Amino acid sequence: MSTATVSPGTKRLDTAALFPTAAFAVLTIAYVALNAGTPHPDATGAEVLAYTTAHHGVIDAGALLILLAGAPLAIATALLHRVLETPPIAVIGGALASAALTLSALFAWTGARLPATAAPELARSIADMGYMTGGPAFAAGFGLLAVGISIPVLFGRNLPRWVGWFGLVIAVAAFVSGLALVASPFGFLLPVVRFGGLIWLVATAIAAARR
């Protein structure tokens with residue numbers, strides 16, 4: 001007797017990326033909401049030190065959230081790579097973005113350990129490391145992830161083409177945002193990558209599940 005059915009495991013593979021993607025989205029949004037008062041990169045060392053010593057618990061909670069966000073991002077990347085048969089650059093990009101979040105969380109946690117008598121310059125330096133890893137470094141990795149998924153979508157048409165174009169826009173914004181390291185005005189692109197990229201990743205996972 002012949003059966004033309006697809007195994008449940010195969011049918012569910014396309015939907016598997018939805019769960020880690022949703023977890024990444026929730027953790028990221030919670031982190032951003034909790035850390036809305038974090039001093040900007042142009043704040044003085046004294047301002048950073050005053051904030052960290054006064055908001056120790058908030059910083060610890062934010063570090064935990066962003067640390068946890070790195071794992072589902074890596075898992076979602078691996079699953080989308082498997083489902084969409086993306087090139088290795090997507091996996092590399094997702095891994096780099098996940099690692100950047102992990103380092104950012106560690107720098108945030110370390111900064112919160114500083115006593116009120118610490119040198120303001122040290123507080124500023126640790127905060128800068130947290131900003132560079134959670135900002136430009138994360139954006140660079142996420143940009144590679146977006147390129148690795150979007151190019152095959154545009155050429156293979158295994159997902160709606162708007163997913164590919166949306167991803168390329170995010171990738172360009174991600175790569176240009178790296179200029180924030182030498183010209184601070186480009187820093188405005190970092191939230192575009194974080195939130196726009198989050199929307200794109202969720203849309204990609206949904207589109208993959210509905211194929």
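**A first look around**

Tutor: A salt bridge here is a side-chain nitrogen of Lys or Arg within 4 Å of a carboxyl oxygen of Asp or Glu. By the way, this is a predicted model, where local features need pLDDT of at least 70 and side-chain atom pairs count only at pLDDT 80 or more, while totals for chains, interfaces and linings use all residues. Residues are numbered from 1 along each chain as its sequence is written, and side-chain values use heavy atoms, with hydrogens and water left out.

Student: Why are Arg124 and Asp128 separated by about one helical turn?

Tutor: Because they are four residues apart in helix 6. Helices are DSSP runs (H or I, at least four residues; strands are E, at least two), numbered from the N terminus.

Student: Is Arg124 buried or exposed?

Tutor: Arg124 counts as buried, at 13% relative accessibility, whereas Asp128 is partly exposed at 28%. Buried means under 20% relative accessible area, exposed over 50%, and partly exposed in between, with a 1.4 Å probe and protein chains only.

Student: How many salt bridges are there in the whole structure?

Tutor: The search finds two. In the other one to look at, Arg113 meets Asp60, 3.0 Å from N to O. That pair links distant parts of the chain: Arg113 is in the loop between helix 5 (88-112) and helix 6, and Asp60 is in helix 4 (residues 56-84), 53 residues apart. Arg113 is partly exposed at 31%, and so is Asp60 at 21%.

Student: Which ring does the charged end of Arg113 sit over?

Tutor: The ring of Trp109, 4.3 Å from its centre. For that label, NZ of Lys or CZ of Arg has to be within 6 Å of the ring centre and within 35 degrees of the ring normal. Arg194 also has its charged end over a ring, that of Phe138, 5.1 Å from the centre.

Student: OK, switching to rings. How many aromatic pairs are there?

Tutor: Two. The ring centres of Phe138 and Phe142 are 5.6 Å apart and their planes are at 35°, so this pair is tilted. The rule takes rings of Phe, Tyr and Trp (its six-membered ring) with centres within 6.5 Å; planes under 30 degrees apart are stacked, over 60 edge-to-face, and the rest tilted. Phe138 is buried at 4%, and Phe142 is buried at 1%.

Student: And what about Phe142 and Trp200?

Tutor: Their centres are 6.0 Å apart and their planes at 80°, so that pair is edge-to-face.

Tutor: Met129, Met132, Leu179, Leu181 and Val182 form a nonpolar surface patch, with about 460 Å² of accessible area together. Patch residues have over 30% relative accessible area and no salt bridge; like charges are joined within 9 Å, nonpolar side chains (Val, Leu, Ile, Met, Phe, Trp, Tyr) within 5 Å. Areas come from the Shrake-Rupley method with a 1.4 Å probe, and for residues only the protein chains shown count as cover.

Student: How many helices and strands does the protein have?

Tutor: Eight helices and zero strands.
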